[in-house]
Amino acid sequence: AVTLYTNPLTTLPLYALAFQVGAWVLPGEQRLPAWEGFSASGGVEAMATWVHALGAPLAVGLPLLALGFAVAGYATVQALWLVPVWHRAQRMR
């Protein structure tokens with residue numbers, strides 16, 4: 001299951017989700033600028049503006065998303081590991 005969320009097809013949605021998480025946590029309105037202006041002449045400046053707008057929300061959202069996935073993964077593994085052990089202990093009693 002872990003390999004499914006780290007493949008190239010899911011990287012962009014995960015980064016978008018991380019941006020949204022960061023935007024929810026940070027004060028003020030966090031939005032990406034429109035994709036307008038990406039041409040051969042002004043493409044570098046437009047891309048720099050767009051990447052700069054990603055900065056703070058993505059920097060906050062990625063660790064929070066990683067922490068959330070880590071906690072969910074730990075809880076899932078513990079539940080999948082301990083439930084059969086608990087049932088076996090109940091049967092032995």
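**The nonpolar surface patch**

Modeller: In this predicted model, Trp24, Val25 and Leu64 together make a nonpolar surface patch of about 350 Å². Tryptophan 24 belongs to helix H1, which covers residues 8-25. Its relative accessibility is 66%, and tryptophan 24 therefore counts as exposed, the cut-off for that class being over 50%.

Helix H1 itself consists of 18 residues, and the distance from its first C-alpha to its last is 26 Å, close to the 26 Å expected at 1.5 Å a residue. The buried residues of H1 are Leu14, Ala18, Phe19, Val21, Gly22 and Ala23. An α-helix has 3.6 residues a turn, so residues three or four places apart point the same way.

Tryptophan 50 is located in helix H2, residues 43-92. Because its relative accessible area is 16%, tryptophan 50 is classed as buried, a class that requires a value under 20%.

Of its 93 residues, 16% are buried. The chain exposes about 7,300 Å², of which carbon and sulfur atoms supply 71%. Among contacts in the chain with a separation of 6 or more, 57% are between residues 24 or more positions apart.

Methods
Residues numbered from 1 in each chain as written. Predicted model: local features only at pLDDT ≥ 70, side-chain atom pairs only at ≥ 80, totals over all residues. Heavy atoms only, no water. Patch = residues over 30% accessible without salt bridge, like charges linked within 9 Å, V, L, I, M, F, W, Y side chains within 5 Å. Areas by Shrake-Rupley, 256 points an atom, 1.4 Å probe, with all protein chains shown as cover. Salt bridge = Lys/Arg side-chain N within 4 Å of Asp/Glu carboxyl O. Helix = DSSP H or I, 4+ residues; strand = E, 2+ residues; numbered from the N terminus. Buried < 20%, exposed > 50% of the residue type's maximum accessible area, 1.4 Å probe, protein only. Contact = heavy atoms within 4.5 Å. Expected span 1.5 Å × (residues − 1).
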